[in-house]
Structure formats: C-alpha cells, structure tokens
Amino acid sequence: MELKTLQPLFDLEAMSKATNGNGQAVVSNGLVGQDILSVSQFDPGKLAYIFSRAREMREMVRQVGGTHILNGHVVACLFYEPSTRTSSSFIAAMERLGGSVIPITQGVNFSSVSKGETLPDTIRTLEQYSDVIVLRHPELGSAQVAADYASVPIINAGDGPGEHPTQALLDLFTIQDELGQIDGLKIAMVGDLRHGRTVHSLTKLLQHYDVSLRFVSPEILRMPLTIMNEILDAGMNVRETHDVADVIENADVLYVTRVQKERFADLSQYEDVKNHYEITPELMAKAKEKMIVLHPLPRVGEIHYAVDSDPRAAYFRQVQNGMYIRMALLAAVLGKA
Ligand code: NCD
C-alpha cells in the first residue's frame, strides 16, 4: 500500500482542474447547502464534479478505508419505504467520512409516525438534531414538501414513482466507469418504466448526452408521457418496444428493472406482467461483447442468477459505486469540498 501516492482529498488545485466532459473547467460545485430533489438540478459541470469526487472517494476507501472530514456532522436517514442499498450506502458513506447517522430505516413504525405524526412535524423534529436529512417516502412530491419545511438540506432517496436522483447519479457514474464514455451509447431500459423512479431520473439525466434510448416494457408499463414528451422535445433518439430481443444485439447498456408491485392499485394487473422479462445466458449470448447489464436492485426474477458470473453483469459493481457517489454528495452538500 503506497499511502504517499494518494491524491489529497478535496485538493483545491485538482478541483479547479475538474472538467465537465467538454474540457471546460468546473470552478464551483454549487451544491453546498442545497436540497437534492431531482436530477434536473445537475448540469454537466456538477456531474463532472460529483464523479471526480466519487473517484477520489473510491481511491481513499481502497487505500485507507475512511477519513474524518464530516466529523461532527449528523445525517438523519428517514425511510418510509423499504430499502437495503440506498439506506445502507448513505449510512456507510457518512460513517466512512467520519460523521454519524440517525437511522430511521428499519420501519417508521417504530417512530412517532405510527402515532400519526405528519411528515412536516417529523422533518422539523429531525432537523433539530441533524445537518442533512435523507428521505424516502411513497408519495410523489414528498421530498419537495419536506424541503419546503426543512431548514437543513433534504436528499430525495425516492419519492414514490417520482424520482431517485442519487440512484441516477450512481447509474450514470457506473456507465462512464465501465464503458469509458456516455456519448454515442445505445441504452436500453427494460421492465417497469411507468412506476420505476430510477428509470425516470436516469432518462432525464441522459438528456445531457448524445445517446440513443430504447424503452422495453409491457404496454401498461410504458414510460410516462410527460417524460416521453420531455425527451422528444430535447430531440433525443428514442424508440419503444415490448420485446428485449429487439434491442439485445445493439445495446451497450441493458438497464433492467423490477415490476413495482407496491405501485399497482389492481394486483391482478401486476400478476399479468410480473414475469414478463428474464435476462438469461441465452439472451446474453446475443449481446455485444462489450456491453453492461445494470439493475438498481432488488431483482425479483428479471435477471437469471446464471448471468451473475458474466463479466458484463455490472450490477454489484453498480451497488458499490452507490457508496462513493453518496460520499461525494454528502461532502458537497455539507460544504466539505
Ligand atoms: C430502487 C428503488 O427503491 O426505487 N431500488 C434502489 O433504490 N436501489 C428500485 C426498486 O425498488 O425496484
């Protein structure tokens, strides 16, 4: 282990050399004290900044495990919906940066929410103890409501079928990291494009790049019209299909998603579409040699376990990147950059 070769974290000189992908220098991250509610807050400059900080975090974790830049800072993780990766990675991120966590992640049923406390009151309570609040909630727009009441930054960790901005950042980071570029790629999204907040956020974020999008879903799970209109207005190349076979040969990225059972008002409709897709080794045999399969996880049958040993299966590497991205974001929002 060569500690002396480690680039100093948050080196101002290195920061001023960060570029936005077009060679333009990024002089300020503009994220200090900000809520993170939607990917629409991120322009290529901010993306380049977060990605370069995330790479530094990765290097630092690999070499020394952690640091103390967020010593004395507290994050409250308030999760009204189940979570494994998002909650654990925010907790690990905060702890590796020397901060502490109020973890309300094992079910708000053990908090005063079960006594009927409202979201605004819960937020106004947690902000008395913490410097930033990470919120996951089943209602669309709930992160904005929390932000309206909070005096500390709110990070949206999923607002129902709305957005999941930190997941989209780690997805994009993974694509760039695995394939070395984003421009020029053919990106296919498969599964529940109607309710999946990760594909909503990723699609919006990809408007900054020259990519072709292929949406693969059953009819009732197509990408919402508002997002389709947004990307068509932006002049993106996009096609929809019901069949993975139509996209597998040309895709550079196959982004697979779970059918979101909890968002169906009529469970018989869920039963009709739940096993619609399965990525198998036979299907992978038709894909490019240099492509990647991503999935925000959890999977419930969309990717066969036999695909896991394929080097193109990048979903667990994607999981790890989530921690580095969240370290970079926490440090940026808390002004430790
Ligand atoms: C996703 C979510 O919660 O939106 N998971 C995650 O955050 N990694 C995807 C899902 O639940 O299907």
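Colleague: What share of the contacts in the protein chain between residues at least 6 apart in sequence join residues at least 24 apart?

Modeller: Contact means heavy atoms within 4.5 Å. In the protein chain, 72% of the contacts between residues at least 6 apart join residues at least 24 apart. This is a predicted model, in which local features need pLDDT of at least 70 and side-chain atom pairs count only at pLDDT 80 or more, while totals for chains, interfaces and linings use all residues. Residues are numbered from 1 along each chain as its sequence is written, and side-chain values use heavy atoms, with hydrogens and water left out.

Colleague: How does the radius of gyration of the protein chain stand against that of a compact globule?

Modeller: The radius is taken over C-alpha atoms, and the globule rule is 2.2 Å times the number of residues to the power 0.38. For 337 residues the rule gives a value near 20 Å, and the protein chain agrees because its own value is 20 Å. Along the principal axes, its C-alpha atoms fill a box of roughly 55 × 50 × 40 Å.

Colleague: What percentage of the 337 residues count as buried?

Modeller: Buried means under 20% relative accessible area, exposed over 50%, and partly exposed in between, with a 1.4 Å probe and protein chains only. By that cut-off, 56% of the 337 residues are buried.

Colleague: How many helices and strands does the protein chain have?

Modeller: Helices (H or I, at least four residues) and strands (E, at least two) are DSSP runs, numbered from the N terminus. The protein chain has 11 helices and nine strands.

Colleague: How many residues of strand β1 are buried?

Modeller: In a regular strand the side chains alternate between the two faces of the sheet. In β1 (residues 74–79), six of the six residues are buried, so the strand is largely enclosed by the rest of the structure. Val74, Ala76 and Leu78 lie on one side, with Val75, Cys77 and Phe79 on the other. Two strands pair if DSSP finds at least two bridges between them. Five bridges join β1 to β2 (residues 100–104), and the two run parallel; Val75 stands opposite Val101 in β2.

Colleague: Which residues of β6 point one way, and which the other way?

Modeller: Ser212, Arg214 and Val216 point one way, and Leu213 and Phe215 the other. Strand β6 (residues 212–216) is largely enclosed by the rest of the structure, because five of its five residues are buried. β6 runs parallel to β5 (residues 186–190), with five bridges between them, and Ile187 stands opposite Leu213.

Colleague: Is Leu225 buried or exposed?

Modeller: Leu225 is exposed, with a relative accessible area of 64%. Leu225 belongs to helix α8 (residues 225–233). Its C-alpha atom is separated by 13 Å from that of Arg239, 14 residues apart along the chain.

Colleague: What is the peptide bond from Leu297 to Pro298, and what is the phi of Leu297?

Modeller: Most residues other than glycine have a negative phi, and most peptide bonds are trans. The bond from Leu297 to Pro298 is cis, with omega near 10°. Phi of Leu297 is near 65°, a positive value in a residue other than glycine. Leu297 is in the loop between β9 and α11 and counts as buried, at 11% relative accessibility. Pro298 is in the loop between β9 (292–294) and α11 (315–333).
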